[in-house]
Structure formats: structure tokens, C-alpha cells
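Subject: Structure handover

Hello,

Here is the structure I promised to pass on. Please open it first, then read my notes below.

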Amino acid sequence: MRHEASARLFEAAKTVIPGGVNSPVRAFSSVGIEPVFYDRAKGSRVWDVDGNEYIDFVASWGPMILGHAPDAVLDAVREQLERGTSFGAPTEIEVRMAEAVARTVPSIEEVRMVSSGTEATMSAIRLARGYTGRDAFIKFEGNYHGHSDALLVAAGSGLATLGIPSTPGVTEGAARDTIVLPYNDLDAVADVLEQRGEEVAAIIVEPVAGNMGVVLPRDGFLQGLRALCDTYGVVLIFDEVITGFRVALGGAQERFGVTPDLTTLGKIIGGGFPVGAFGGKREIMERLAPVGPVYQAGTLSGNPIAMVAGLALIEELSKPGVYDELERKGARLEAGLRSAVETAGIEAHLTRVGAMACMFFTAETVVDWTTAATADTGRYASYFRAMFDRGIMLAPSQFEATFVGMAHTDEDIDAMTSAAAEALSA
Ligand SMILES: *Cc1c(COP(=O)(O)O)cnc(C)c1O
């Protein structure tokens with residue numbers, strides 16, 4: 001494959017965009033090659049500016065669960081374009097969107113739209129603090145909740161990929177009330193709450209971790225968090241920016257049967273446009289301005305183009321059989337990868353929930369950041385490059401998920417796993 005056009009664009013980009021990219025992991029630096037610049041995408045495929053075709057398992061980091069440029073979304077967007085692209089005033093489509101979210105996500109009675117996952121989690125933390133009158137909150141090591149200051153501590157993939165433990169620019173003050181604990185460690189949470197329960201406003205957690213690779217919650221972990229939050233009057237926030245509409249229509253809370261107080265959404269909910277959302281119990285949500293005193297706002301929040309796209313996507317996902325099909329595709333991918341690993345005789349730990357999966361290059365069972373970090377990132381980099389050369393696009397980081405979507409055919413999945421068998425055996 002030739003990558004001259006991408007290389008030229010990257011050179012130009014680096015002179016006017018820091019590192020040539022608008023989000024760090026896109027730079028491909030941890031896999032030892034330069035990024036390719038995309039030209040277009042459709043279904044399960046993406047094409048770069050040199051005309052190379054790839055079967056895509058990144059899915060824009062999650063949103064493209066129906067595949068790229070699905071007709072239902074394109075039609076909805078085309079129609080809305082003619083009516084106007086932003087009003088800064090309420091529209092019917094926002095009501096329909098909120099109703100769809102409240103209908104599908106168990107914890108959500110009321111929801112507020114924002115423009116990114118980062119805004120959703122930042123706002124949910126502020127709301128939990130305003131609601132409880134407490135300052136501190138608990139997050140888990142290796143969980144990523146966007147890049148707002150208080151949440152950017154021990155924050156998984158982007159930082160981990162670049163080997164950055166924490167970041168300059170976040171003051172001690174901003175991070176002081178952030179308590180970081182190991183994922184899946186309920187005893188650690190119980191200890192902190194026993195000592196400081198009165199100070200803790202919220203626990204925020206990825207119910208399936210997707211930013212340190214894919215790490216499943218241990219049996220009882222989410223239920224245990226729920227019980228502890230009830231005991232200490234702490235707001236339980238599920239950050240379902242990845243898992244929402246992915247591991248089930250109603251997200252991980254539906255799949256695992258644990259209902260948080262607040263939920264944050266992003267990625268899929270925007271249908272490929274910039275959208276985030278946070279919602280939950282009416283009693284908490286009604287602390288938000290203009291009904292309550294906790295301020296939160298956005299010029300483009302509930303943007304009509306993004307809303308029609310997201311709503312069209314949710315309607316497609318609500319059709320019968322979609323999640324069974326995603327499960328089947330995910331299982332096919334997992335089985336293929338397991339057999340590739342076996343054939344190659346290498347040590348790897350595979351994880352999967354529905355249509356999100358990860359292969360850690362480690363002999364350890366991955367349950368938290370400490371075990372995830374044992375993965376051999378150099379080995380991942382050579383695996384990534386071998387797959388890339390075979391026209392398979394994976395996330396350029398060990399600590400990201402592989403996403404399967406409705407547009408992947410069995411042939412696409414088999415092409416991926418046979419490429420993996422070659423790549424791993426090489
Ligand atoms: C991607 C992500 C975010 C941040 O969303 P952005 O839209 O990138 O700001 C927050 N939480 C989780 C779990 C995510 O995966």
C-alpha cells in the first residue's frame with residue numbers, strides 16, 4: 001500500500017495543527033507509523049486519500065454502530081438541512097430525542113443534551129456536587145471520562161498510549177477532590193466511603209471499561225457500587241459514553257440490571273455528529289437551571305442536525321433483532337480471534353461484551369489498570385501494523401476497543417480473524 005498523499009497531508013498538518021491531529025491517539029504514534037488521512041467511508045469500509053480500502057473496526061471510536069453513512073441517518077440529515085442547521089431555540093426534535101432516550105435507558109427520566117462526552121461527564125459531576133452539597137468524587141484508575149480537569153486523573157487510553165500519567169495544566173486544586181481507586185475493587189470503595197462517606201458526592205464508573213482496552217466488571221461490582229451509594233447517599237454515575245446503545249439498547253445498565261442515578265451518553269447517541277447527554281432521576285435532574293440552581297448551558301446543545309441523526313440511529317437500533325445480531329457478530333469475531341491466538345501459540349487475554357472486544361497481549365487476566373498495563377504494547381504495535389498492511393483498520397492503541405457493527409458481514413469478520421491468524425503467527 002502506498003501512503004504518499006497521507007504523508008503529504010501529515011507534513012502540512014503538523015505545521016498548523018499540534019502534532020498534525022485534533023485528538024492525540026489519532027497520531028498513530030504508539031504503533032510506530034504515520035496516520036492515514038481518510039477520504040470517505042461507507043458501511044464497513046473506509047478509504048484513505050491514497051485510495052486504499054480498509055475494513056474498519058474503529059467505527060469512529062464507537063458511533064458508527066450501523067456502519068458508516070447509513071441511509072437512515074443520511075436521509076434524516078438531508079431533510080433537516082433544508083429546514084435550518086441551528087436555531088438556539090427549542091425544537092420538536094429535541095423532545096422526540098429526549099423521549100427516545102428516556103424510553104430506552106432505564107435510569108433516565110429526564111435528559112439534557114450537550115455536544116460531547118466530555119461535557120456530559122463534567123456536567124454530571126457538577127450536578128452531583130450541587131445536588132449533594134459535597135465536593136469529592138470517586139473515579140477508577142484507567143477509566144476515561146473525557147478531558148475536563150477534575151476527571152483527567154489516571155484516565156486510561158489517550159494518556160496511557162502516550163505514556164503520560166497525569167497532565168500539566170490540571171491544578172492540584174482541580175484534582176484534589178478526585179479520589180482514584182482500582183477498577184473492580186469494591187473493598188477499596190467501601191473503605192473510602194467508611195472514612196469519608198459524608199464528603200463524597202458521586203462515584204463515576206465505566207460499567208464496562210472501554211478505555212484501558214475492554215475490561216468487564218466483576219460479578220457483583222456494579223451491584224456493590226449501587227448498594228454502597230445507597231448507604232452513603234452518594235450519586236452513582238454510569239459513564240455509558242461507549243456502552244450506551246452498544247452493549248444493549250439501554251446500555252450496560254440494561255445488560256447488567258443495575259440502575260445508576262445519573263447516566264452520561266455520547267458517541268452512538270450523536271449518529272456521527274458531536275453529541276453528548278446526561279440524564280437520570282427527575283429529582284436530581286431538576287436541580288439544573290432553569291428549574292434549579294446548578295448552571296449548565298450550550299449554544300449548540302440539542303443541535304437539530306445532530307438530533308435528527310441520533311434519533312434516526314436510535315430508531316434503527318430499536319428494531320427487533322439488532323442486538324442479537326450484534327451479539328452474534330461479536331461472538332464470531334471472538335471465536336475467530338481465539339482460534340488465531342491458539343494457532344499462533346501466543347499468550348493473549350481476550351475480552352468481549354456484545355459488539356466490543358479487546359485482545360490484550362499479556363498472560364494475565366485483565367481486571368483493572370494494573371493488569372491491563374502488563375500488556376506488551378510493542379507487540380500490539382507490530383500486530384496493528386501487520387493488520388493495517390492487510391487492510392484491516394484497528395484502533396492505534398492497545399488500550400482501545402475493537403468495535404463490530406451491523407455493517408460488518410460474516411466475510412468481513414472472517415477476513416479480520418484470518419488476517420489476525422497470519423499477523424499473530426508471523
Ligand atoms: C469518549 C469517552 C468520553 C469523552 O467523550 P468525547 O465526546 O470524546 O468528549 C467520556 N467517557 C467515555 C467512557 C468515553 O469513552
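How do the residues of the shell around the ligand divide into nonpolar, polar and charged? Three are nonpolar, six are polar and three are charged. Bear in mind that this is a predicted model.

Ligand site

Ser 116, Gly 117 and Thr 118 are among them.

Lys 267 places a side-chain N or O atom 2.6 Å from an oxygen atom of the ligand. Asp 239 has a polar side-chain atom 2.7 Å from a ligand nitrogen atom. Gly 117 uses its backbone: an N or O atom there lies 2.8 Å from a ligand oxygen atom. On its own, the ligand has 380 Å² of accessible area, and the protein covers 84% of that.

Second largest pocket

This pocket has a volume of about 460 Å³. It is lined by 21 residues. Closest to its centre are Glu 94, Arg 112, Met 113, Ser 301 and Gly 302. Helix 3 (92–104) supplies at least two residues of the lining, and so does strand 4 (110–114). By class, the lining holds 10 nonpolar, nine polar and two charged residues.

Best wishes

Definitions and conventions. Residues are numbered from 1 along each chain as its sequence is written. This is a predicted model: local features need pLDDT of at least 70, side-chain atom pairs count only at pLDDT 80 or more; totals for chains, interfaces and linings use all residues. Side-chain values use heavy atoms; hydrogens and water are left out. A residue is near a molecule or strand if one of its heavy atoms lies within 4 Å of it. A polar contact is a pair of N or O atoms within 3.5 Å; within protein, one must be able to donate a hydrogen and the other to accept it, and residues adjacent in sequence count only if both atoms are side-chain atoms. Accessible areas come from the Shrake-Rupley method with a 1.4 Å probe; for residues, only the protein chains shown count as cover. Ala, Val, Leu, Ile, Met, Phe, Trp, Tyr, Cys and Pro count as nonpolar, Asp, Glu, Lys and Arg as charged, and the others, Gly among them, as polar. On a 1 Å grid over the protein atoms alone, a cavity is a set of points where a 1.4 Å probe fits but cannot get out, and a pocket is an open set with protein on both sides within 12 Å along at least five of seven lines; lining residues have an atom within 4 Å of a point. Grid points are joined across faces, edges and corners, and a volume is the space filled by probe spheres set on the points. Helices (H or I, at least four residues) and strands (E, at least two) are DSSP runs, numbered from the N terminus.
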